[in-house]
4 protein chains.
Amino acid sequence: MAITRAGFVGLGIMGRPMAHNLLEAGFKLTVHNRSRPAVDELVAAGATAAGSAAEVAKASEVTITMLPDTPDVEKVALGTDGVLAGSARGSYYVDMSTIAPAMSRTIAEAGAAKGVQCLDAPVSGSDVAAKAGTLSIMAGGDREAFDALQPVLSAMGGKIVYCGPAGMGETVKLCNQVAGMGTLMAVCEAMMLGAKAGADLNAVVEALSGGAARSWMIENLAPRMAKRDFAPGFMVRLAQKDLRLAQQLGTEVGAPLAGAALAQQLYRAVEAAGGGDLGIQAMATALERLAGGEIRG
Amino acid sequence: MAITRAGFVGLGIMGRPMAHNLLEAGFKLTVHNRSRPAVDELVAAGATAAGSAAEVAKASEVTITMLPDTPDVEKVALGTDGVLAGSARGSYYVDMSTIAPAMSRTIAEAGAAKGVQCLDAPVSGSDVAAKAGTLSIMAGGDREAFDALQPVLSAMGGKIVYCGPAGMGETVKLCNQVAGMGTLMAVCEAMMLGAKAGADLNAVVEALSGGAARSWMIENLAPRMAKRDFAPGFMVRLAQKDLRLAQQLGTEVGAPLAGAALAQQLYRAVEAAGGGDLGIQAMATALERLAGGEIRG
Amino acid sequence: MAITRAGFVGLGIMGRPMAHNLLEAGFKLTVHNRSRPAVDELVAAGATAAGSAAEVAKASEVTITMLPDTPDVEKVALGTDGVLAGSARGSYYVDMSTIAPAMSRTIAEAGAAKGVQCLDAPVSGSDVAAKAGTLSIMAGGDREAFDALQPVLSAMGGKIVYCGPAGMGETVKLCNQVAGMGTLMAVCEAMMLGAKAGADLNAVVEALSGGAARSWMIENLAPRMAKRDFAPGFMVRLAQKDLRLAQQLGTEVGAPLAGAALAQQLYRAVEAAGGGDLGIQAMATALERLAGGEIRG
Amino acid sequence: MAITRAGFVGLGIMGRPMAHNLLEAGFKLTVHNRSRPAVDELVAAGATAAGSAAEVAKASEVTITMLPDTPDVEKVALGTDGVLAGSARGSYYVDMSTIAPAMSRTIAEAGAAKGVQCLDAPVSGSDVAAKAGTLSIMAGGDREAFDALQPVLSAMGGKIVYCGPAGMGETVKLCNQVAGMGTLMAVCEAMMLGAKAGADLNAVVEALSGGAARSWMIENLAPRMAKRDFAPGFMVRLAQKDLRLAQQLGTEVGAPLAGAALAQQLYRAVEAAGGGDLGIQAMATALERLAGGEIRG
């Protein structure tokens, strides 16, 4: 029997468009959020407001959360007024936040004890992808639950990858961030070398996009750097949070992440200069300050 | 009037298939190489052998060199028996080796003094791309010469980017290597984090290929790492050479390249373990030794 | 009026000898510890056992804590049965653990509200220095309290530096760890370079001890590396904890710490190989694994 | 029979006071230098001028060179008008420059073929130590020659360490630079963390000088940073040269030097800002630019 009633907690920059996409896909949606305007917007679009995460869960076959960090999810998932407190046996809980995998496992165990199947299903992609419903979703949890929730996930994401048992969605997401942020650092260094050496930065971007140095970062963010466009698709301070989680995981499992650690220092320098809310391509500005030059062209 | 007579000096792993492609594109080809078997192979395919780089140049409207490092090119281009010594006024010289941009500028000036137009046109792509004629070519030098040489370059490359005056082809190539090797380091760290955390590495590759962490490296080299396939497309010791040139350029122009410097240390560790002739994806083995784990799956 | 009654909570490798030194300096000492044997040892030496941190504080004019990490101190200082709960107005509380400066400030404020003056006074030096009473002490808090507590601090430490208001003792301690661990990394690299290049490592140590590269690390830990003596003076996992706190502080205040981040990766590799309880000079073994060589001589 | 006639080639910031010390120790001194004023100064003090390195060698039982870099030494030692060309069988040649160990070995072999015993004996310490005759000297070459030259070396240095056969003096010197520059980076990071966290930098220096983080760098250069005194004892651009040689050696022998590589990037940033002639403590200014703060106090 198909799932028809969905709930959404956490209507931020990412959560809001994701919730809209669930509405547009035909789900009956109940929502909750700390601040009111986002709730009103979703209600205007056809959703029902609920007073707590627990109430959202009561009204829903599947409850989704999209929250900033591990402690937020801990509270909203496991708190007295939280998702699991309100979830019926046989319902589902999908946390799409990027948090510590250990917490995802804790939640999955707590859910299992109540007969609630849990997925950790963090996403990759900016608010643009969230609006377009083309987020990349990395899911951990029971395979059966993953299969049952395909229509729900498909309403929000393009590429949906099953990554293994509970916590593995978050684990793969952190791998994604390590790869992504390290790649961005490599692109920043290449652009800075080109800029300092007097190269035509359009030629750098064009040439590098054609071969083994090709990446989403060179194709998408290098041109923005060169145009001094630092508007956020994905914010520096969120990237920092993700890298912090990755280092924490690296410590737990014994994986050295020196390149990622270096990228963190550059982001820290961007934050020190007040740029925490800029897009991650602003990593270039840290290198610029250090080198006394500009990536512009 | 179209160019019909081409010359080629340096018939190594890359040069040999590039020379074959010139033959197949209909150019009359004169070749020279330090060791004989490669010359014989090209002669069997229709080329003419010459006793020196100067003789190759004498017989050709355009002479191409594809050599290991800066001192090799210096000797072959500027030596008494070298390319420029044999080049007629109005002919062209294209060096496709990866060398120091400063040497390319020196050669271009020496060429100009003799009425020979020079391009520095290094390539990106492995021997597979060399065979397929789909190399990415980054060219520096006079725009007019670049345009005149399009049929020659097209015989060897797919994406051909004009990068600016003499030396800029090499400059952009070094930017390419900085971006590429840094991206590879990011991919190695992500794969190591996944491996240590018990993730399904196929899922890691699939998920990371779908979003902002996407790169040629994750799509092409990460699967080889996981299969323990360290056969060379591009060799560690050549990558080291390129990164050395990039750091040298970085020193000259004042561009800090900390991530690239870290990647160099990993390659150094691979070389210390006797892996200089492995493919660059063997960077993973340095991380593995450090972390005491394996990327396998 | 001189302080005569002191209390001590946390009788570990460092705390035990520190408590003994207080006894030997003539203080009436009340102690508490999670596990019993250390308490018995101190009682045998003349101390009085108490059932909780609060009871220790009730019996003491100054209470000292020496605990592993921030959450431990938070609980023992601020908990219902904790130090401040038992402290009389006009008494002192000195935390000598290495913890987050922000927690020291929180404790100082809570103490001030109860009329208890607090110092954060972490130490540098191993258990040997703790026994000898020659620890280096970095103290933050009211200057007046610092002066009043001189006899207490002098019983445990040699060099005692006043660092400023609450939290500044911890801040300077974290600076100390950043400098120390980075210096150790530099020493490891120098020893590895010497070893790989076939140098006499005794000559390396002797020569480097004579000039601008001189450090406590080269003089004290480099010889131990060369003798394969990895017994702990200060343990890898504690160094890791301190560097984690330093990075956390670096994030809060916007100070990039790339060298320290690199040192952390080396320690992580040591921990991954099961060496968390080795001395910090085992950082060399991570480099050895990476480089495939040994520092021995 | 004691050596009485010494020669000196290379009267720069270091060479000049070293030559003076040889005069003061009673040696009959013959000198040569590219530029004249330094020669005149030494002649005024009692030395004899010679027209070439070869002539210096002809007049001397031991010839000393103190030159900027490897190619300079190559030319002055091995050139047609060089030291070995003028050296008599049974005489000595001591190169005190910091150069590639491989070149020292080449020179020692060339010397041996002519019956000239060669030492590589680079120094540590600034011009102040050169004047005071308290340089630290690291010597490689035959032990017998080292012993015979003690009176000569003692005239210039305080701590004189025999490091092994030819090239080992240079090897240990490069180890020294790796340790020294990495330690300086650690000190800069610690000072920056303290500065950003609002610590009293005098307290930081005092506290860190008292324990395991103690180093020549914290004791001598950290106070200069805090006073914004960037006058050179040892120049950034020379430190860069030495680190370049260290990395070259690291590549040859397979020793990863990631921390040293990071320090190089900071020096590169200092040079990019025009600070190549500042003292090495100006490394702090690169961190300051990156972090947007100042080490001042």
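Begin at C:Arg228, which is exposed, with 12 other C-beta atoms within 10 Å. The model is a predicted one, in which local features need pLDDT of at least 70 and side-chain atom pairs count only at pLDDT 80 or more, while totals for chains, interfaces and linings use all residues. Residues are numbered from 1 along each chain as its sequence is written, and chains are lettered from A and ligands numbered from 1 in the order in which they are written.

**Stop 1: Arg228 in chains C and B**

Stay on C:Arg228, in the loop between H12 and H13 of chain C. Helices (H or I, at least four residues) and strands (E, at least two) are DSSP runs, numbered from the N terminus. The phi angle of C:Arg228 is near 55°, a positive value in a residue that is not glycine.

Now select B:Arg228, in the loop between H12 and H13 of chain B. Its phi is near 60°, again positive in a residue other than glycine. B:Arg228 counts as exposed, with 12 C-beta neighbours inside 10 Å.

**Stop 2: Asp142 in chain B**

Go to B:Asp142, in the loop between S8 and helix H8 (143-148) of chain B. Is this residue buried, partly exposed or exposed? B:Asp142 is partly exposed, with 16 other C-beta atoms within 10 Å.

**Stop 3: two helices of chain B**

Two packed helices are described by the angle between their axes and the distance between the axes. Select helix H4 (residues 70-78) and helix H6 (residues 101-113) of chain B, whose axes come within 11 Å and cross at roughly 5°. The axes are lines fitted to C-alpha atoms, for helices over the stretch in contact, and angles run from 0 to 180 degrees between N-to-C directions. H4(B) and H6(B) are therefore roughly parallel to each other. Angles under 35 degrees count as roughly parallel, over 145 as roughly antiparallel, 65 to 115 as roughly perpendicular and the rest as oblique.

Show the side chains where these helices meet: B:Thr70, B:Val73, B:Glu74, B:Ala77 and B:Leu78 come from H4(B), and B:Met103, B:Ile107 and B:Ala110 from H6(B). By class, this contact has six nonpolar, one polar and one charged residues. Ala, Val, Leu, Ile, Met, Phe, Trp, Tyr, Cys and Pro count as nonpolar, Asp, Glu, Lys and Arg as charged, and the others, Gly among them, as polar.

**Stop 4: where chain B meets chain A**

Select chains A and B together. How many residues of chain B are in contact with chain A? There are 60, and they touch 60 residues of chain A. Two residues are in contact if their C-beta atoms, placed from the backbone, lie within 7 Å. Elements that give two or more residues to this side of chain B include strand S8 (135-141), strand S9 (157-164) and helix H10 (168-196). H10(B) gives the most, with 20 residues. The residues on this side of chain B divide into 38 nonpolar, 16 polar and six charged.

Chain B can be laid on chain A with an RMSD of 0.1 Å by a turn of 180° and a shift of 0.0 Å along the axis. That is the relation of a two-fold axis. Copies are superposed by least squares on the C-alpha atoms of residues with pLDDT of at least 70 in both. Of the interface residues of chain B, 100% are also interface residues in chain A, so the copies meet through the same surface.

**Stop 5: where chain C meets chain D**

Switch to chains C and D, where 60 residues of chain C are in contact with 60 residues of chain D. H10(C) gives the most to this side of chain C, with 20 residues.

**Stop 6: chain A as a whole**

Finish with chain A, which has 15 helices and nine strands. Buried residues make up 65% of its 297 residues.

Methods. Buried ≥ 20, exposed ≤ 12 C-beta atoms within 10 Å, placed from the backbone.
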